[in-house]
Amino acid sequence: MRARSKAWLLLPVVLLFSVKASTTLLAQQRTKSKPRSSSSSGKSKAQLERERRATLRRIQEASKILEQTQRQKQASVGQLNALKEKLTVQQGVIRNISNELNYIENDVQQTQTQVHHTQQNLEQLKAEYARLIYIGSKTANSYNRVMFLFASESFNQFMLRLRYIRQYAEVRQAQAAQISHTQQRLSEQLTGLKEKKQEKGSLLNTQLSEKKNLLTLKTQQDQVVTKLSQQEESLRQELAARQQAVSRLDNLIALRVKEEIARAARLAARRAAAARAAAARANNPAAAPRPGEAPSRASTAAAEAAENAAVERVDRVTLTPETAILASSFTENRGQLPWPVGRGFISQRFGRHNHPVLHNVVVENRGVDIQTSAGEQVRAVFDGKVLTIANVPGMNNIVMVQHGDYFTVYAKLRNVSVTEGQQVKARQPIGTVYTDPEGTSEVQFQVWHNSSNLNPENWLGRK
């Protein structure tokens with residue numbers, strides 16, 4: 001009896017130790033189960049999956065374009081460009097899979113660590129629970145509990161011991177629940193670990209398959225380059241014809257920009273002259289011409305000379321308040337403009353670069369060539385006015401749209417669905433792309449600011 005009373009006297013100490021141990025173990029579990037960054041590239045799994053879906057869409061587009069160029073038996077630069085695009089995208093797919101594999105590998109390692117910690121915590125909880133059961137077995141008799149309570153030296157001590165007895169029961173229940181919860185957590189972690197390992201194995205198989213596709217594409221590219229190298233003479237003739245077409249298009253754009261600068265300058269000069277004349281009449285009514293009286297030849301010649309002088313001094317489009325707002329909005333959308341076609345890829349970039357086949361030959365591009373599917377609609381990239389529609393040999397139909405003092409040019413169109421002077425909206429169709437005899441469907445897109453040629457890639461948004 002005395003031994004059991006001593007056991008009850010130890011109950012407060014045991015209870016406090018158990019509560020503290022349980023709290024410590026629970027805090028350790030929460031700390032060790034906190035998720036960490038799992039991707040070496042800093043991207044989440046959702047971001048990697050979105051990139052993968054976008055890359056697969058690009059592969060589908062490139063495959064369709066490549067298929068159209070392969071319908072012709074003879075190899076072409078368009079076919080080579082489509083192969084290069086598909087090859088680039090294929091490499092992106094493999095990189096994306098590698099990032100996903102790194103993500104899963106880090107996740108697996110973290111889960112294994114969490115499983116290890118959970119197992120350790122479970123063993124500690126079970127040991128602590130066993131100690132509670134052992135102590136409780138010595139004081140299981142209700143008579144001993146009553147003796148423990150009535151052995152109190154004061155009422156406060158009685159209430160304190162009663163509270164200890166209740167807390168003892170609560171701690172046992174809480175620890176039993178915590179053990180059950182930890183066992184469930186461990187089961188979930190082991191199941192998740194198994195699923196992650198299966199996902200890793202599936203991705204490894206996918207990566208192996210994509211690498212085989214990459215090797216196939218490289219072989220096809222080498223074959224096309226070999227065939228094109230055997231057509232060097234015809235390629236040089238094509239290049240010469242293209243340079244002539246580019247020169248004709250440059251001349252047309254320069255002429256139309258110059259004419260628009262002059263037109264806007266004359267209009268601004270006339271408005272200024274009219275404002276000055278109105279002010280002069282207001283200050284000196286007697287000097288105003290009589291109704292129906294034509295201006296003198298001298299005054300007309302002076303006005304024309306003033307207009308011509310104003311035009312010669314201006315090297316940029318004179319903006320009205322309305323066109324200034326339009327130009328400012330165009331500037332604000334730098335890097336966000338929609339593509340002139342719904343699908344496709346840049347087959348030839350802006351500026352000077354080496355010819356894809358001919359050695360030691362440098363070509364210069366005033367815009368970007370976007371290779372797309374046959375029959376694809378060509379769209380305006382921003383609100384504006386159709387300034388020019390023309391046909392340039394080698395560039396087919398071209399449309400030039402004005403956006404204040406900015407101009408966008410769309411060349412290599414099969415047909416045109418707008419008229420000169422027409423106001424167009426962003427993404428409004430202006431024609432369809434032209435497909436050459438080799439099966440290549442390509443549109444050239446240019447951006448100008450007054451007489452300055454700009455890189456369109458800096459203005460187009462991400463596709």
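1. Let's start with the second largest pocket of this predicted model: it holds about 280 Å³ of space. Of its 17 lining residues, R263, T320, T323, K385 and Q402 sit closest to the centre.

2. Helix α7 gives the largest share of the lining, with six residues.

3. On to the largest nonpolar core, which has 28 residues; V378, V399 and Y410 are the members that touch the most others. As general background, nonpolar side chains in soluble globular proteins tend to be buried together.

4. V378 deserves a look of its own. Once neighbours within four places in sequence are set aside, its contacts are P340, V341, Y410, L413, Q428, P429, I430, G431, T432, V433 and V443. Y410, one of these partners, also belongs to the trio of core members that touch the most others.

5. Last, a stop at D222, which lies in helix α6 (residues 155-229). Is D222 buried, exposed or partly exposed? Its relative accessibility is 48%, so D222 counts as partly exposed; the exposed class would need over 50%. Also worth checking on screen: D222 and L83 are 139 residues apart in sequence, with their C-alpha atoms 9.9 Å apart in space.

Conventions: Residues numbered from 1 in each chain as written. Predicted model: local features only at pLDDT ≥ 70, side-chain atom pairs only at ≥ 80, totals over all residues. Heavy atoms only, no water. Helix = DSSP H or I, 4+ residues; strand = E, 2+ residues; numbered from the N terminus. Buried < 20%, exposed > 50% of the residue type's maximum accessible area, 1.4 Å probe, protein only. Core = buried A, V, L, I, M, F, W, Y, C linked by side-chain atoms within 4.5 Å. Contact = heavy atoms within 4.5 Å. 1 Å grid on protein atoms, 1.4 Å probe; cavity = no way out; pocket = protein on both sides within 12 Å on 5 of 7 lines; lining within 4 Å. Points joined across faces, edges and corners; volume = space filled by probe spheres on them.
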